[in-house]
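Let's take a walk through this fold, helix by helix. Have the sequence and the model open side by side as we go.

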Amino acid sequence: MGLLELFLIGVGLSMDAFAVAICKGLSMRRIDGRQTLLVGVFFGGFQALMPLLGWALGRQFEQYITQYDHWIAFVLLAYLGGKMIWEALHEGDSCPANFTVRELLVLAVATSIDALAVGISFAFLKVPILPAIALIGCTTFVLSLIGVWIGNRFGSRFKSKAEVTGGVILILIGLKILLEHLGILA
């Protein structure tokens with residue numbers, strides 16, 4: 001898996017955090033640098049931690065399922081992408097008015113659960129985990145900062161579009177992995 005694919009996975013995974021960061025930006029009268037940085041650190045940190053945990057789990061079971069690893073990666077990424085698209089199209093436009101550090105922690109965990117499953121697929125695909133989690137964490141950190149700014153400046157117009165885009169990216173990467181392992185793509 002190349003750097004571009006890892007970056008796109010990072011973008012896809014970060015779209016939930018981006019949408020919540022937009023909500024945070026909506027709740028601010030003016031951009032608060034400390035709160036914005038906190039949003040980026042929480043979301044970026046958990047988006048890096050969860051794939052590491054998933055990778056560690058996947059390494060434990062790798063020997064039992066290596067002949068099916070490409071199917072597992074495809075199913076996980078397609079499911080997560082489809083779930084993101086479904087939620088973006090069917091959930092109401094509910095943004096919490098404001099959230100505490102404790103609520104931010106819960107949101108960071110909730111928006112990074114998908115990354116746990118991606119980490120499992122990284123173990124099967126032999127993805128070097130340290131560069132992968134660094135790229136995913138940094139991408140999410142930066143996009144979370146941008147999300148706060150967009151929410152503060154423009155409102156929630158981009159929230160569902162970001163989630164749909166992230167879902168499509170994850171599905172396409174899963175499909176690419178499957179087609180490469182089946183020998184359809186070189």
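**Starting from a phenylalanine**

Setting aside residues up to four places away in sequence, phenylalanine 18 touches Leu143, Ile146, Gly147, Ile150 and Ala162, where contact means heavy atoms within 4.5 Å. What you're looking at is a predicted model, in which local features need pLDDT of at least 70 and side-chain atom pairs count only at pLDDT 80 or more, while totals for chains, interfaces and linings use all residues. Residues are numbered from 1 along each chain as its sequence is written, and side-chain values use heavy atoms, with hydrogens and water left out.

Phenylalanine 18 lies in helix α1; helices here are DSSP runs of H or I with at least four residues, strands are E runs of at least two, and both are numbered from the N terminus. Is this phenylalanine buried or exposed? Phenylalanine 18 counts as buried because its relative accessibility is 8%, on a scale where buried means under 20% relative accessible area, exposed over 50% and partly exposed in between (1.4 Å probe, protein chains only). For a sense of scale, phenylalanine 18 and alanine 123 are 105 residues apart in sequence and sit 26 Å apart in space, C-alpha to C-alpha.

With 15% relative accessibility, glutamate 5 counts as buried. Leaving aside neighbours within four places in sequence, glutamate 5 is in contact with Ile173, Lys176 and Glu180.

**How the helices pack**

Two packed helices are described by the angle between their axes and the distance between the axes. The axes are lines fitted to C-alpha atoms, for helices over the stretch in contact, and the angles run from 0 to 180 degrees between N-to-C directions.

Take α1 and α5: they pack at about 30°, with axes 6 Å apart. The crossing of α1 past α5 is right-handed; a crossing gets that label if the near helix is turned clockwise from the far one by less than a right angle, and left-handed if anticlockwise. By class, the contact of α1 with α5 has 19 nonpolar, nine polar and one charged residues. In that sorting, Ala, Val, Leu, Ile, Met, Phe, Trp, Tyr, Cys and Pro count as nonpolar, Asp, Glu, Lys and Arg as charged, and the others, Gly among them, as polar.

Not counting residues up to four places away in sequence, leucine 135 touches Leu3, Leu6 and Phe7. Its relative accessibility is 22%, so leucine 135 counts as partly exposed. Leucine 135 and valine 41 are 94 residues apart in sequence but 14 Å apart in space, C-alpha to C-alpha.

Now compare α1 with α2, which pack at about 160° with their axes 11 Å apart. That angle makes α1 roughly antiparallel to α2 (over 145 degrees counts as roughly antiparallel, under 35 as roughly parallel, 65 to 115 as roughly perpendicular and the rest as oblique). This crossing of α1 and α2 is right-handed. Leu13, Ser14, Ala17, Val20, Ala21 and Lys24 on the α1 side meet Gln35, Val39, Phe43 and Gln47 on the α2 side. Sorted by class, the α1–α2 contact has six nonpolar, three polar and one charged.

Helix α2 (residues 33–65) also packs with α4 (residues 101–124), at about 35° and with axes 5 Å apart. The crossing of α2 and α4 is right-handed, and the contact residues divide into 23 nonpolar, six polar and two charged.

**Out in the open**

Arginine 34 is in helix α2 and, at 62% relative accessibility, counts as exposed. Lysine 126 is in the loop between α4 and α5, and 54% relative accessibility makes lysine 126 exposed. Lysine 126 isn't a glycine, yet it has a positive phi of about 60°.

**Aromatic pairs**

How many aromatic pairs are there? The count comes to two, using the rule that rings of Phe, Tyr and Trp (its six-membered ring) pair if their centres lie within 6.5 Å, with planes under 30 degrees apart counted as stacked, over 60 as edge-to-face and the rest as tilted. Tryptophan 71 and phenylalanine 74 make an edge-to-face pair, 6.5 Å centre to centre with 80° between the planes. They are three residues apart in helix α3 (residues 69–90), so about one helical turn separates them. Tryptophan 149 and phenylalanine 154 are also edge-to-face, at 5.7 Å centre to centre and 80° between the planes. Tryptophan 149 counts as partly exposed at 40% relative accessibility, and phenylalanine 154 counts as partly exposed at 38%.
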